[in-house]
Amino acid sequence: MTVALHIHDLQLGYDGPRGLHTVVDGFSLALDAGRIGCLLGPSGCGKTTVLRAIAGFEPARAGRIELGDVLLSTPGTHLPPEHRRVGMMFQEYALFPHLTAAQNVGFGLRRQAAVARAARVAEMLALVGLAEAGARFPHELSGGQQQRIALARALAPAPALLLLDEPFSNLDGATRERLTVEVRDILHQAGQTAVLVTHNEREAQVMADRIGTMHNGRLTRW
Ligand SMILES: Nc1ncnc2c1ncn2[C@@H]1O[C@H](COP(=O)(O)OP(=O)(O)OP(=O)(O)O)[C@@H](O)[C@H]1O
């Protein structure tokens, strides 16, 4: 098994009135290709900050982030988000309401030829079990269906790594439980390497191959 994501001794923080406020320090993990890793921990412990750094929205203050053999972040090196091959499915990343499900899924494929794009969109809709829903608009889909379209949209450009930040938190309990299992199976079927952030321990246990608990800005178990 090859290591897909390698984070070594990462430090992250925010500039404040009294200098750098360090949020993550001495954070390290290695995640194998095709596996789902989960960061679990209480509110405010730095989970989202780690995901933002992997996606390229926060600079590494120390340490480094590597994806495969590509160096993403280290002090002095910062690959822009659009060059990282990192996909995102965040709670606040709602679907575009004025685009159909198919247009949403094809959004990241605009540079591809129309025929290839349509084929990839159809493949992704089938993967998430919504092959017939391409012409529908988001408001014509249930919450769970919308999240599956959001997953198809994130997977369409074939990211090397998918980041999921509390992706089910807006859903009711029963839908949430069902979707947790469905998304896990879809990711495994696609062979997708992914990092999930949650503070729901049960969700972590159902979804993840590896679980890391964050405490004081670092992983205490992985
Ligand atoms: N843009 C920002 N500027 C300054 N401080 C920030 C910023 N974003 C987050 N923080 C601080 O960094 C710390 C970690 O926040 P983060 O959002 O990473 O936590 P989290 O573990 O994802 O929490 P939650 O589970 O509530 O989403 C918190 O103390 C937060 O107040």
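Author: Let's get one term out of the way: two residues are in contact if their C-beta atoms, placed from the backbone, lie within 7 Å. Also, what you see is a predicted model, where local features need pLDDT of at least 70, side-chain atom pairs count only at pLDDT 80 or more, and totals for chains, interfaces and linings use all residues. Residues are numbered from 1 along each chain as its sequence is written. Helices (H or I, at least four residues) and strands (E, at least two) are DSSP runs, numbered from the N terminus.

Now the sheet. Its six strands sit in the order 7-8-9-3-10-11, the sheet is open, and the pairing is mixed. Two strands count as paired if DSSP finds at least two bridges between them. In general, strands of a sheet pair through backbone hydrogen bonds, either parallel or antiparallel. At the edges you'll find strand 7 (86–90) and strand 11 (218–221), each pairing on one side only. On average, neighbouring strands here are turned by 25° against each other, direction ignored.

Let's zoom in on strand 7. Strand 7 and strand 8 (residues 161–165) run parallel and are joined by five bridges. If you look for Met88, you'll see Leu163 of strand 8 opposite.

Across strand 7 and strand 8 lies helix 4 (residues 143–155), running at about 165° to strand 7. For that angle, axes are lines fitted to C-alpha atoms, for helices over the stretch in contact, and angles run from 0 to 180 degrees between N-to-C directions.

Helix 4 has a partner too: helix 4 and helix 5 (residues 173–190) pack at an angle of about 20°, their axes 11 Å apart. So helix 4 and helix 5 are roughly parallel to each other; the cut-offs are under 35 degrees for roughly parallel, over 145 for roughly antiparallel, 65 to 115 for roughly perpendicular, and oblique for the rest.

Who's touching whom? On the helix 4 side the contact includes Gly143, Gln147 and Leu151, and on the helix 5 side it includes Arg178, Leu179 and Val183. By class, the contact has six nonpolar, four polar and one charged residues. Here Ala, Val, Leu, Ile, Met, Phe, Trp, Tyr, Cys and Pro count as nonpolar, Asp, Glu, Lys and Arg as charged, and the others, Gly among them, as polar.
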